[in-house]
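Hi everyone, thanks for coming.

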Amino acid sequence: MTGLAKCAAVTTALGPHGPVGCTTTSLMSLSVAPPSVLVAFGAGGRTLGDLLDAGRFAVNVLSQTQGPLVRRFATGTPAQRFRNTPHAVLRGVPVLHDAAVVITCDVAETFTAVDHVLIVGTVRHLTATPGSPLVLVTGEPHIATPVQPAPATADNLR
């Protein structure tokens, strides 16, 4: 399954000693009403406990300029991950500057599935900026570019 394209995102929360976060590749829109997302974390991950204790988090979909953050937020300590990473606290959670999309959420529900914890977040705020988001293909960041829809013709309307 390494060939699948995945959204390149960093999920962040405010821990007791400052901001925490990790690269997140298991992310999906869950519901329109109420607006909700689903993120998955390894059950033994360092960020999970702080995120659940905080009760809120942000999903930062990375922009085309943020490729190095994919690896930075997959390794190291929280301090190392946030060192020289511009961010601010918005609605009680750290958000990364220049992210293509920032979604702040409250934890609504959690579920255990195999060796992961699934977190349902109720969306409280969403900001999108112009530009191309990153996707991961075979674990490497790539820039996603929009494709213009083909013009409607009589042949493709049948």
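Let's begin with a sorting rule: Ala, Val, Leu, Ile, Met, Phe, Trp, Tyr, Cys and Pro count as nonpolar, Asp, Glu, Lys and Arg as charged, and the others, Gly among them, as polar. This is a predicted model, where local features need pLDDT of at least 70 and side-chain atom pairs pLDDT 80 or more, while totals for chains, interfaces and linings use all residues. Residues are numbered from 1 along each chain as its sequence is written, and side-chain values use heavy atoms, leaving out hydrogens and water.

Now, the pocket. On a 1 Å grid over the protein atoms alone, a pocket is an open set of points where a 1.4 Å probe fits, with protein on both sides within 12 Å along at least five of seven lines; lining residues have an atom within 4 Å of a point. The lining of the largest pocket has 14 residues, and Cys22, Thr23, Ala40, Phe41 and Gly42 lie nearest its centre. By our rule, the lining of the largest pocket divides into four nonpolar, eight polar and two charged residues.

Strand 2 pairs with strand 3 in the antiparallel sense over seven bridges (pairing needs at least two DSSP bridges). Here Val10 has Thr23 as its bridge partner.

Strand 2 also pairs with strand 6, again antiparallel, over four bridges.
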